[in-house]
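Hello,

Here is the structure I promised to pass on. My notes on it follow below.

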Amino acid sequence: MSWKMLTAMGAMLVSLAHSGNATVPASANNSFVSSDSSGEAPNPGNELHWVRYTDSAEGAFSMEVPVGWQVQGGMYRFGYFDVRWMMDVRSLDGKVILRIQDANVPGYSLPGPGTGPEGTPYSRPQQLQMMIARYRTGQSYAELYAKHRFSSICRTARQRRPDWVPAPAPAWRDDPGTEGTDGSVSYDCDTSDGPRIASVYVHTTLNPRTGIWFASPISVLVTADRAALAYTMVQHMINTWEKNPRWVEYQNQMTQVGLDQVRANFQQFMHQMQTYHQERTAAMNQQVAGFEARQSAQAQQVSNFGEILTGVQSVSDPMTGNRFQVYSGPKANYYINGNGVKINSNVSPGPGFHQLTPVQP
């Protein structure tokens, strides 16, 4: 069973006529600069070396990533039925930025008589977090996603003819009974660090029977001279992606726990249907208060879809007075050495590095 089918099944089972807005934060995941067997992180170039990266949150999947590049990603959990993954890869010089999938993007349910209007959260405590939205084709969603992804980076954006469409992995094929569409957009993007090509590919999948649909984006921000390299990297990472069979067993257990909860709560819910909506919501929130408290420390791992998706932090070098941006990471501090290598870490990476000062936008 794919992750999309898992979420769709959960949505169908818990699609009761009430609305819940409890937040279930994502699992923790890893961020590092990948290195080769010598422990060094070489400067990225056109000759790539690869190392296998394994999701550190749940061990759900693995894929090859380039040695000497900043890598962040993994599996994010929003409920028993709702799991999403993404991988961010960035060259140390910032000239190549890749994102495969996006955990910020929720699943969607078509508007209907019992769902509320478009834009309404469609959440079930401990089980899933979705959004009510009309279906968008891959092309329509790609245009929308590109605006959110790059609006704060591109000072000006001029549309150009897309010249790249990745080939999805066989394991990512649409589930039986669903309908899929593809779309891609590309822009000449003028950034504070020079011209870039901003490209987005999106595959959307609709299940006509359940009204559940999903969007799977891939985005690239790259200098023109390294565009071919970036596209080749994305395809290589997709081709080497593998799901962990042990995680599948773990997820089956999580699914069963979720199903047991649905069954246990059903009779109680039917009784609550006779009361006011406010009373029902309070009762459901009380049931999941403990679950939310245990996971609240991870609430900032993934922002909502409408938040800034650029992944950069403004900093100042106290030794030179220069201000610039670095790739955002989960650690507390940022460091730089005389060669311009920037590291996100809680402590100093070693001799030659000094701490950068965060600057509020």
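Strand 15 (residues 312-316) and strand 20 run antiparallel and are joined by two bridges; strands here are DSSP runs of E with at least two residues, helices are runs of H or I with at least four residues, and both are numbered from the N terminus. Serine 316 has threonine 357 in strand 20 as its bridge partner. These strands belong to an open sheet of three strands, ordered 16-15-20, with antiparallel pairing (two strands pair if DSSP finds at least two bridges between them). Its edges are strand 16 (323-327) and strand 20 (357-358), each of which pairs on one side only.

A note on the source: this is a predicted model, with pLDDT of at least 70 needed for local features and 80 or more for side-chain atom pairs, while totals for chains, interfaces and linings use all residues. Residues are numbered from 1 along each chain as its sequence is written, and side-chain values use heavy atoms, leaving out hydrogens and water.

There is also one disulfide, taken as a pair of cysteine sulfur atoms within 2.5 Å. Cysteine 154 and cysteine 189 form this disulfide, with their sulfur atoms 1.9 Å apart. The torsion about their S-S bond is about -110°, so the disulfide is left-handed. Cysteine 154 sits in the loop between helix 2 (138-150) and strand 10 (156-160), and cysteine 189 in strand 11 (residues 179-191), so the pair ties together parts 35 residues apart in sequence. Cysteine 154 is buried at a relative accessible area of 12%, and cysteine 189 is buried at 2% (buried means under 20% relative accessible area, with a 1.4 Å probe and protein chains only).

Best wishes

Definitions and conventions. Buried < 20%, exposed > 50% of the residue type's maximum accessible area, 1.4 Å probe, protein only.
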